[in-house]
Amino acid sequence: MPKHYRPAGKKKEGNAARYMTRSQAVKYLQVSLSVFRRLCIFKGVFPRDPKKKVKGTHQTYYHVKDILFLKHEPLLDKFREMHAYEKKVKKAVSKKNKDLAERLLTRKPTYTLDMLIRERYPKFIDALRDLDDCLTMVHLFAALPAIERENIQAERIHNCRGLSLEWQAYISRTHKLRKAFISVKGIYYQAEVEGQKVTWLTPHALQQVMPQDVDYKIMLTFLEFYETLLGFVNLRLYHSIKLKYPPILDPRLKALAADLYALTRYVDAKDRTIGANNEESELRLAQLQDQLPANEPGALMHLVENVADDNEEDEETRACKTLFQNKTFFLGREVPRESLLFVITAFGGVVSWEGDGAPFEESNQDINYQIVDRPTQSHRFISRDYVQPQWVFDCINARIILPTGEYMVGKVLPPHLSPFVDNEAEGYVPEYAETIKRLQAAARKEILPMPGGEQDDLENAQNLLAEGIIDRTKAKEAAERKQKMAVHEKQYHQELKKEMQGMQYTSDPNIDEIKNNGEENTDDMSSQQLVKDDENMTMVSMSRKKRRLYEAMKISQGRKKANVETLETRKKNIQKSKKTSSN
Amino acid sequence: MGREREVVSRRIREHSTNKILTRSVLLGFRSVFSAATPDSICYTAMGKSKSSRKGKKAWRTNISTQDIDDFYEKSSKDALSGGSLTEVPSDSLFFVDKSRDLSVKRKIDKCREKVLRVDSILQKNSFVQAIPSSTTKKSKQRQKEIQRAPSSSQVRKDGTMDTGMVDIWNDEGANAVKKRKVSNKAILIPAVEVEPPGCSYNPSSESHQDSLAHAVADEMQKVYTKELRPTPVPLTVVGEVVDVEDMYFLDADNESDGDVEDKEVDSNGDADLEKRPFKTKRVTRVELNRRARNKEKLKMEAETKKLKEFSKDLNSLPDIINEIAKEDEEKSKRHLRRVFAKQERLKSCPPRLGRHKFEPAPVQVLLSEEITGSLRKLKACCTLARDRYKSLEKRGILVPTAKSGRK
C-alpha cells in the first residue's frame with residue numbers, strides 16, 4: 001500500500017495552494033501559450049489578484065479551480081486535433097505528396113462555440129447583460145480596414161457588418177432606442193431590451209487607424225466569441241418578433257449594397273415567402289466584397305407603414321414611436337447617413353437620401369425636414385426646414401420636437417448635452433438644459449390642461465419636482481416662498497383677530513410685532529429645530545456603519561455643492577469678462 | 001672583377017634568409033663591385049665555413065635578390081605583352097553571366113527525390129493484412145459525431161435549408177449546465193463607459209473646461225513625475241584625454257597601492273610572529289572569584305530593576321490601557337481607510353496583475369480651437385481599437401504588457 005505523500009514543494013493550503021502562475025497553468029494543461037490565451041478568453045477565465053503572491057509580483061496568477069475547470073473542456077481536444085492536422089499537412093507538403101495534402105485540406109477539423117455560450121450565459125438575460133462589450137466590438141470591427149498583416153479577413157468584417165445591421169434593424173423596428181450621444185470617440189447609443197439597458201459605442205464614419213500597441217490576435221479571439229454571441233442573440237430577438245433568421249434580403253438592394261434598407265424590407269415583408277436559396281448569401285457576399293468602400297445603408301421606410309403592433313409595448317416605446325410620426329426627412333450627402341437612418345426610423349420617422357435605391361427623391365413634396373451640414377444652403381423648397389444633424393439627436397434626448405430656429409443652416413449650434421448625465425444628481429444644470437426643460441414643460445402643458453400658471457409653481461412644486469420640470473433648488477425656493485406666504489397669512493389673520501378684539505392692537509404694536517417676529521422666528525427656528533432634532537434622532541439610532549456612510553454622503557454632497565459654486569462663479573466671471581470685452 | 005661579381009651574386013642567392021633589401025644594402029651591394037675582395041669569406045674544399053655572422057661583409061651574403069629579380073622579370077614581361085593587369089579595367093576581364101539555360105539543382109532537392117525506406121515500407125502492399133485493433137476512444141467519438149451529424153442538418157418543409165442555428169435558450173432545462181465552483185468576482189467597472197459631457201463633439205463651455213482640466217492634470221502629472229524622478233546613471237561617461245605623464249602616475253599609484261597592501265600584510269604577520277612567543281596569562285583563583293561576585297551583583301541589580309519597572313507599570317496602568325485603546329482605534333481606522341481606498345481604487349483601475357502597470361488612455365477631449373460645432377468638420381477619434389483594448393485591460397480581463405503601455 002503506497003504511502004500517500006505530498007511531493008516536495010507542493011503546498012497544502014493557503015494562497016500558495018490556491019493560486020498558480022500562468023506558466024504553471026500552461027504546463028499543467030499541456031498546451032501552448034496562444035492556445036491557453038484563446039481558451040481563457042472563450043471560457044471567461046480571468047487572472048486574479050491574490051493577497052500573497054508566492055512566486056513574485058511580476059507573475060500573473062490564476063485560481064487553481066479555474067484551471068481545473070479549463071482542463072475538462074472539450075475544446076482542448078479540438079485544438080490539439082487542429083494542431084496535429086496542421087502538422088500532417090505541413091509534412092505532406094514538404095514531402096511533395098500533393099494528393100495527400102489536397103485530401104487533407106478537404107477534411108479540416110472545425111469547432112463551434114455554441115456550447116460555450118450556453119454555458120456562460122444559461123439564461124437569455126445573462127447574455128443581454130454582457131451585450132455592451134459585444135456590440136461595441138462588433139461595430140468597431142465592422143468599420144475597420146481588412147489588413148492582411150494582422151490577419152483580419154474581409155469576410156469577417158462583412159459578417160460583423162451584417163450582424164450590426166441586423167441588430168440596428170431590430171432596435172429601430174421595435175422602437176427600443178432611448179438615448180444617443182455624439183462624442184469625440186464616436187456615437188453612444190442606449191436601448192432597453194427586455195428591461196435591460198444596453199449601451200454601445202459606434203465609431204464615426206472615419207477611416208479607422210490600427211494603432212501598434214494593440215494585440216490584434218486577442219481582439220480577433222474576442223471578436224470570434226462575440227460574433228457567435230450576437231448571432232444567437234439576434235436569432236432569439238428575431239424569433240420573438242416572428243421573423244426568420246438569418247434574414248433573406250432583396251437581391252436588387254443587395255446589388256446596390258443598401259444593406260439596412262434591404263434588411264428592413266425583409267423585416268417588413270415577413271408574411272411574404274421569399275424563395276430563398278443558398279446562392280443568395282453567396283451573391284450578397286460577392287457583391288458586398290466588390291463594393292466595400294461604398295456601402296450605403298438603406299432606409300427603414302416601409303417599416304412604418306406596415307407596423308405590426310406588439311401588445312406588450314410599454315409606455316416608453318409608444319412615446320418613442322410617436323416622436324417623429326408622420327414626419328418625413330431627407331438627408332444630404334454630407335451628413336452621417338447610417339446613424340441618422342437608424343435614429344430617425346427608431347423614433348417613427350420616414351427617411352430618404354440621395355443615391356440609388358432610395359425610397360423617394362429630394363424633390364418630393366412631403367418632406368418636412370432636410371438635414372444638411374453645409375455652411376450655406378440655398379432654400380430651394382420653402383415648405384421644409386433645413387436643419388443640422390444635431391437637431392435630430394437633441395430631439396431624441398429631449399423626447400420632444402425642439403424648435404428648429406437655433407439649428408438652422410449656418411447658425412452656431414447650442415451645446416450638445418449628454419443624456420447619460422443626471423443633472424439633478426450633479427446639482428449643476430447647464431443653461432441649455434434648462435431651456436429644454438421649459439420646452440418640455442410647455443409641451444406637457446399643452447397635453448394636460450392646467451387651471452392656472454403661477455399657482456402651479458407654489459402648490460404643485462413637489463409634483464413638478466417629481467416630474468423633473470423644475471429642479472431641486474427651485475423647489476426649495478418655492479417651498480420657502482410658500483412658507484413665507486403662510487406666515488404672512490397667519491399674521492394677517494392674527495391682526496384681524498386683534499382688530500376684532502379691540503384696541504389692544506395699537507397699544508402694543510412693538511411687542512406684538514416683536515412677538516410676531518418672534519413667533520415667526522420661533523416658527524422658523526422651531527421648524528429648523530425640528531429638522532435638526534429629527535436628524536439627531538436618526539443619527540443616534542443608526543449603527544456606526546450607517547452613521548459613517550451618512551457622514552460620507554454628507555461630505556460628498558458638500559463637495560458637489562462646492563463644485564457647483566465654483567462653476568457658477570466661473571460662469572459669472574465669463575459673463576463679466578464678456579461684458580467688459582464688449583464694452 | 002666580373003668573376004667577383006658573379007660570386008657575390010651567387011652567394012646572395014644561396015643565402016636568402018634575410019629578404020628585406022634596404023637602400024643601404026643596395027648601396028653596399030654596389031660598393032661591393034668596386035671594393036676589394038673581402039677577407040672574411042674564405043672557401044674551403046668542404047664548402048662553406050662557419051664564419052662569424054658579424055660584420056658588414058658577412059651580412060651581405062645573406063641578402064637575397066629574388067624580389068628584385070622577380071620585379072625586373074615581371075616588368076619586362078608586362079612591357080613585352082602590353083601593359084600590366086592592374087591597369088586593365090575590370091570590365092574587360094570579367095562579365096556577369098546572365099544565361100539561364102543552366103539548371104541549378106539544389107542538393108536538398110536531389111536528396112528529396114530519393115524515396116526513403118520508411119516511406120517505401122509504408123506504401124500499400126497487398127500481401128500485408130491489417131491487424132484488427134480494439135476500438136480506441138478517438139474512433140468511438142468519431143462514430144458518435146457521425147451519428148449526430150445527419151440528424152442536425154435537416155431540410156425544412158419549404159425547401160429552405162436550416163442554417164443550423166437553433167435558439168439555444170429555448171429549451172432551458174434540457175442540458176443542466178454545471179455552475180462554476182469559484183465564480184468570477186463581479187467586475188465593478190462597466191464594459192462601455194460613457195464619457196463625461198465635456199467630451200461631446202459640441203460641448204457646453206463649463207463641462208468642456210472640466211474635461212480639459214482633467215486632461216491637463218493627467219499630462220502635468222506625467223511631466224512632473226518625469227522631472228522629479230532622480231536622474232538615471234548614464235551608461236557611458238565622456239572621458240578626458242589622459243597625458244602620457246599622468247598615465248605613468250596612474251600606473252605608479254596602482255603599484256604603490258599593491259605595495260602598501262603587501263607591506264601591511266607583512267607587518268601584521270610580523271606582529272603576530274612577535275606576539276606568539278608570549279603565552280596567554282593564566283587565570284588565577286582570585287580572578288575567578290572576582291568574576292563570580294560581579295556576575296551575582298549584576299544579576300541582583302537586574303532583578304531589582306525589573307521589579308521597579310513592574311511596580312512603575314502597575315502604577316500607571318490606566319494610562320497604559322488608554323494607550324492600548326488609542327492604538328487599537330488608530331489601527332482600526334487605518335484599516336478602514338485602507339479598505340475604502342482599495343475599493344475606490346478598484347472602481348477606476350484594475351489590481352496589479354503582472355509586471356506592468358495599467359496605463360489609462362488619455363481623455364479624448366477636443367481642444368478649444370477644435371470645437372467647430374459642425375459634425376462634418378469634427379476631428380474624430382480614429383483609434384477606437386485602442387479604446388476597446390484599454391477597456392479590457394481596465395476590467396482585469398487582459399494583463400497589461402510592455403507593448404501596450406508604450407505609445
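Student: Are A:W200 and A:F342 buried or exposed?
Tutor: A:W200 is buried, and so is A:F342. Buried means under 20% relative accessible area, exposed means over 50%, and partly exposed is in between (1.4 Å probe, protein chains only). Before we go on: this is a predicted model, where local features need pLDDT of at least 70, side-chain atom pairs count only at pLDDT 80 or more, and totals for chains, interfaces and linings use all residues. Residues are numbered from 1 along each chain as its sequence is written, chains are lettered from A and ligands numbered from 1 in the order in which they are written, and side-chain values use heavy atoms, with hydrogens and water left out.

Student: Why is the ring pair of A:W200 and A:F342 called tilted?
Tutor: Rings of Phe, Tyr and Trp (its six-membered ring) pair if their centres lie within 6.5 Å; planes under 30 degrees apart are stacked, over 60 edge-to-face, and the rest tilted. Here the centres are 6.3 Å apart and the planes at 45°, so the pair is tilted. It links distant parts of the chain: A:W200 is in strand β5 (residues 196-203) of chain A and A:F342 in helix α17 (residues 337-346) of chain A, 142 residues apart. Helices (H or I, at least four residues) and strands (E, at least two) are DSSP runs, numbered from the N terminus. Over all chains there are 20 aromatic pairs. Ring pairs also join A:F42, A:F79, A:Y111, A:F222, A:F225 and A:Y226 into a cluster.

Student: What makes α10(A) and α17(A) roughly parallel?
Tutor: Helix α10 (residues 154-173) of chain A packs against α17(A) at about 25°, with the axes 8 Å apart. Angles under 35 degrees count as roughly parallel, over 145 as roughly antiparallel, 65 to 115 as roughly perpendicular and the rest as oblique. That is why these two are called roughly parallel. The contact (heavy atoms within 4.5 Å) involves residues including A:R161 and A:L165 of α10(A), and A:E338 and A:F342 of α17(A). As for the axes, they are lines fitted to C-alpha atoms, for helices over the stretch in contact, and angles run from 0 to 180 degrees between N-to-C directions.

Student: How do you know that A:H175 is buried?
Tutor: A:H175 has 7% relative accessibility, so it counts as buried. This residue lies in the loop between α10 and β3 (177-182) of chain A, and its phi is near 55°, a positive value in a residue other than glycine.

Student: And why is A:R399 called partly exposed?
Tutor: Its relative accessible area is 29%, so A:R399 is partly exposed. A:R399 is in the loop between α18 (390-398) and α19 (423-426) of chain A. Its phi is positive too, near 65°.

Student: What makes A:K91 exposed?
Tutor: A:K91 has 53% relative accessibility, so it counts as exposed. You'll find A:K91 in helix α5 (residues 74-94) of chain A.
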